[in-house]
Amino acid sequence: MQSIYQEQLLAFARRVRDNSSIVLSAPTHTAEVNNPVCGDRVLSTIKVEKNIIIATHAEVKGCALCEAGAGLWLDSVLGQSIASLPSYHAALTSWLAEQDKTDILFNFAEGLDSFTTVRPIKNRHKCVTLAFSTANKFKRV
């Protein structure tokens with residue numbers, strides 16, 4: 001079996017780890033999600049102006065796949081509308097489950113294909129999508 005921990009995937013994880021101590025100044029929204037099955041936790045903060053996300057931050061307590069998913073989230077949602085976040089979560093979930101056989105219609109960050117090795121491991125999908133599941137949980141700060 002090909003290793004799920006490809007270099008690009010680990011680079012997404014490092015991006016989150018390397019920036020975990022840097023706090024987003026003046027965030028406008030925050031959301032926290034937990035995966036009670038494995039204990040992963042993601043705290044996401046964003047800064048929104050005119051309904052567009054202009055800054056992102058994520059703190060992750062969890063596995064490398066959860067960190068990598070959060071790194072993908074950081075790069076993918078920047079510059080997008082806050083209203084588009086649930087669609088990103090749905091698209092990634094569908095793509096991982098191989099339900100979406102067409103090209104992804106969303107602007108996921110370069111490197112999405114590094115998550116292809118996770119597709120057959122269904123019990124790890126929630127790790128990858130946890131940061132994206134903040135979509136409906138953002139509250140104004």
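Accessible areas come from the Shrake-Rupley method with a 1.4 Å probe. On this basis, the protein, examined here as a predicted model, exposes about 7,300 Å², and carbon and sulfur atoms supply 51% of that area. Buried residues account for 48% of the 141 residues.

The overall dimensions were considered next. Along the principal axes, the C-alpha atoms fill a box of roughly 45 × 30 × 25 Å. Of the contacts between residues at least 6 apart in sequence, 62% join residues at least 24 apart.

The secondary structure comprises four helices and four strands, and the elements follow one another from the N terminus in the order α-β-β-β-α-α-α-β. The four strands form an open sheet, ordered β3-β2-β1-β4, with antiparallel pairing. A31 has S44 in β2 as its bridge partner.

Attention then turns to the interior. In soluble globular proteins, nonpolar side chains tend to be buried together. In the present model, the largest nonpolar core contains 41 residues, and those with the most contacts inside this core are L72, W73, L92, F108 and F115. Two or more residues each are contributed by α1 (7–18), β1 (29–35), β2 (40–49), β3 (52–61), α2 (64–77), α3 (85–96) and α4 (125–129). The helix α2 gives the most to this core, namely eight residues.

The surroundings of L92 illustrate the packing. When neighbours within four places in sequence are set aside, L92 is in contact with L72, F108, L112, V128, T129 and F132. Of these partners, L72 and F108 are, like L92 itself, among the residues with the most contacts inside the largest core.

A further leucine, L10, lies in helix α1. Its relative accessibility is 24%; because the partly exposed class spans the range between under 20% (buried) and over 50% (exposed), L10 counts as partly exposed. L10 and L65 are separated by 55 residues in sequence, while their C-alpha atoms are 8.2 Å apart in space.

Note on methods: Residues are numbered from 1 along each chain as its sequence is written. This is a predicted model: local features need pLDDT of at least 70, side-chain atom pairs count only at pLDDT 80 or more; totals for chains, interfaces and linings use all residues. Side-chain values use heavy atoms; hydrogens and water are left out. A nonpolar core is a set of buried Ala, Val, Leu, Ile, Met, Phe, Trp, Tyr and Cys residues joined through side-chain atoms within 4.5 Å. Buried means under 20% relative accessible area, exposed over 50%, partly exposed in between (1.4 Å probe, protein chains only). Contact means heavy atoms within 4.5 Å. Two strands pair if DSSP finds at least two bridges between them.
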